[in-house]
Amino acid sequence: MTGGKMQEPLLTVRDLIVEFPTRRGTLRALDQVSFDIAPGEVLGMVGESGAGKSLTGAAIIGLLEPPGRIAGGEIRLRGERIDNLPPEAMRRIRGRRIGMVFQDPLTSLNPLYTVAQQLIQTIRTHMDVSESEARKRAVGLLDRVGIPAAARRIDDYPHHFSGGMRQRVVIALALAAEPELVIADEPTTALDVSVQAQIIDVLKEICAERGASVMLITHDMGVIAETADRVAVLYAGRVAEIGPVRDVIQHARHPYTAGLMGAIPTLEQDSDRLVQIPGAMPRLNAIPTGCAFNPRCAHVFDRCRAERPILQRAAPNHHVACWLTEEGSA
Amino acid sequence: MTPLVQVDGLTRRFDISKPWLNRVLERESRQFLTANADVSFEIKKGETFALVGESGSGKSTIAKMIVGLLAPSEGRIHFDGQEMDFASGANMRALRRRFQMIFQDPFASLNPRWRVRDIVAEPIVTFGLLQGADVAREVDRLLEVVGLSAADAAKFPHEFSGGQRQRIAIARALSSKPEFIVCDEPTSALDVSVQAQILNLMRDLQDEFGLTYLLISHDLSVVRHMANRIGVLYLGRLVEVADAKRLFLEPQHPYTRMLLDAVPDLALSGRRRKPVLGEIPNPIDPPSGCAFHPRCPLAQDICKADTPQPSVTPTGQAACHFAGKIGEVA
């Protein structure tokens with residue numbers, strides 16, 4: 001779908017469907033989501049709450065909360081299917097080949113163990129190294145993510161660290177086994193702006209250094225703008241638009257992306273009113289037929305209500321799920 | 001003209017000492033956390049004054065003191081020329097009708113067991129503004145003013161989305177016909193497209209009813225979009241107050257400048273975001289002198305020794321020994 005690239009993608013997600021069976025019928029939370037991540041690439045995933053961003057990440061690492069389940073499609077890591085692996089095999093991939101950074105650093109670290117214990121255990125679970133070698137690596141990692149006096153602070157407990165420092169520890173933990181892909185789910189949402197910039201920089205640098213790809217899940221377009229190479233915009237569990245960051249931000253083709261961009265107040269421009277998308281994202285049990293965005297769209301026409309638009313190429317590497325794209329007007 | 005709200009030397013300390021027995025046994029003295037120190041500003045009628053700062057900077061404590069939910073340790077607040085007397089119930093009650101508050105989390109600020117009708121009518125009933133059928137008519141009118149329908153009055157809060165709930169909270173705030181509304185992070189729990197709806201609504205209401213706002217937010221873009229004047233807080237102290245547009249063009253305090261540099265560049269103008277040094281220190285044990293000196297690129301010996309007092313700058317006021325000179329040094 002990304003086409004034209006000689007390089008084989010690191011991660012391929014094709015027509016991924018995630019469903020939640022409930023007493024009142026099955027809810028489809030992800031509906032035919034497709035995208036690739038190239039080696040070394042940072043793919044941003046944006047969308048509003050309930051769009052399915054975090055669920056996509058959870059599906060990839062096999063951590064869907066039951067009763068949620070993958071009901072269709074496939075996920076491939078370097079060409080090998082990982083969506084149907086037995087739990088034991090998936091456990092070996094998780095942490096080793098795919099690292100994770102979650103939103104709240106306080107819940108992703110175990111408060112009862114020192115940082116050293118957690119890092120060393122992670123390293124030794126995935127790599128065949130001695131205790132002292134693992135410790136040396138752990139100190140190196142902490143140093144790399146910018147923890148001052150790493151050799152001393154490694155024996156501290158998570159509560160000794162501030163929010164920003166804890167998130168650095170989590171990044172060190174995610175990268176401990178040198179994964180090929182890091183899934184970062186809202187890594188800076190719990191942090192202040194001044195610390196946010198530091199964390200994004202660390203994450204970006206260290207992944208680039210190790211050649212790890214990043215899937216960056218966030219609701220913050222600003223973070224995506226300065227971090228990601230490409231961005232996928234999710235709406236109601238579907239990919240609305242996917243393309244290079246600059247194209248998507250400056251020439252959004254999907255009316256939802258355009259509305260979203262206009263809705264964000266920025267420091268650079270002066271406007272009296274923000275662009276306003278009427279209504280709210282539909283609930284999962286009431287997704288409209290045709291295009292999920294059609295009741296809120298200013299450009300809606302008959303076809304949008306009847307037929308669901310598929311992702312189509314609008315520009316090189318830039319795909320949009322909107323019937324307007326086909327008409328050639330963007 | 002007297003300002004609508006005038007705050008002089010507002011200070012609030014919280015006693016965070018250990019229990020009495022522990023203090024005796026461990027020979028420890030009482031400990032205080034200074035949430036706000038010597039904060040002075042004024043808000044003119046009809047303007048939007050914003051307070052920005054990172055977590056722990058004392059934004060919400062100021063809001064609570066201004067609406068009378070928390071008594072200041074020191075300092076005075078005048079509302080429309082009248083001093084707020086926290087000891088006098090009658091005085092506070094008379095003033096309270098004239099100001100209202102909108103809180104951050106519309107899931108927590110609305111009683112889930114009450115119907116929308118009762119939530120919105122509460123201030124009308126409490127202050128005895130209307131009787132009988134007039135109350136219901138007024139509730140219907142208010143709901144339409146904030147973009148809901150009269151039929152919503154019979155529903156419960158859980159039937160609404162986050163954005164709609166915030167509209168209910170705004171309708172409730174408007175029901176006592178206040179002159180002044182304190183908005184504490186009114187949109188930080190909302191998605192950007194919904195945030196735009198609420199910010200636009202707040203502006204429309206301001207124009208329609210001549211409201212004065214105190215807007216509290218950590219989001220500089222939101223603040224710039226909404227405010228006429230901005231106060232920047234750092235560790236409980238007001239470090240800079242300036243006209244909104246000029247604050248962003250000519251920051252006078254190094255902390256303001258650092259905050260601005262940390263905002264992600266959504267316009268992709270090529271402005272490089274400068275990661276900020278360090279983190280907010282622990283407010284229990286703030287640094288000596290200027291609280292910002294350990295993170296400040298311009299810090300000199302005087303900054304460690306003396307707390308800078310606010311001085312007049314071309315754009316407003318700033319509490320920095322080098323106010324107005326940061327352009328020359330950096």
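At what angle do the axes of helix α4 and helix α5 of chain B cross? In this predicted model, the axes of α4 (residues 116-126) and α5 (residues 133-145) of chain B cross at roughly 115 degrees and come within 10 Å. Two packed helices are described by the angle between their axes and the distance between the axes.

From α4(B) come R117(B), V120(B), A121(B), I124(B) and V125(B), and they meet V135(B), A136(B), E138(B), V139(B), L142(B) and L143(B) of α5(B). Sorted by class, the residues of this contact comprise nine nonpolar and two charged ones, with no polar residue.

Chain B also holds an open sheet, built from four strands that follow one another in the order β2-β1-β4-β5 with antiparallel pairing. Strands of a sheet pair through backbone hydrogen bonds, either parallel or antiparallel. Because β2 (32-43) and β5 (82-83) of chain B stand at the edges and each has a single partner strand, one side of each is left without a neighbour in the sheet. For β5(B), that partner is β4 (residues 74-79) of chain B, to which it is joined by two bridges in an antiparallel run; in one pairing between these strands, H78(B) has E83(B) of β5(B) as its bridge partner. Helix α2 (residues 59-66) of chain B packs on this sheet, where it touches β1 (5-15), β2 and β4 of chain B, and its direction makes about 115 degrees with that of β1(B).

Elsewhere in chain B, S288(B) has its place in the loop between α10 (254-261) and α11 (301-305). S288(B) is classed as exposed because 12 other C-beta atoms lie within 10 Å, and a residue counts as exposed if that number is 12 or fewer. Between S288(B) and A151(B) there are 58 Å in space, C-alpha to C-alpha, while the two residues are 137 residues apart in sequence.

How values were computed. Residues numbered from 1 in each chain as written. Chains lettered and ligands numbered in written order. Predicted model: local features only at pLDDT ≥ 70, side-chain atom pairs only at ≥ 80, totals over all residues. Axes fitted to C-alpha atoms, helices over the stretch in contact; angles between N-to-C directions. Contact = placed C-beta atoms within 7 Å. Nonpolar A, V, L, I, M, F, W, Y, C, P; charged D, E, K, R; others polar. Buried ≥ 20, exposed ≤ 12 C-beta atoms within 10 Å, placed from the backbone. Pairing = 2+ DSSP bridges.
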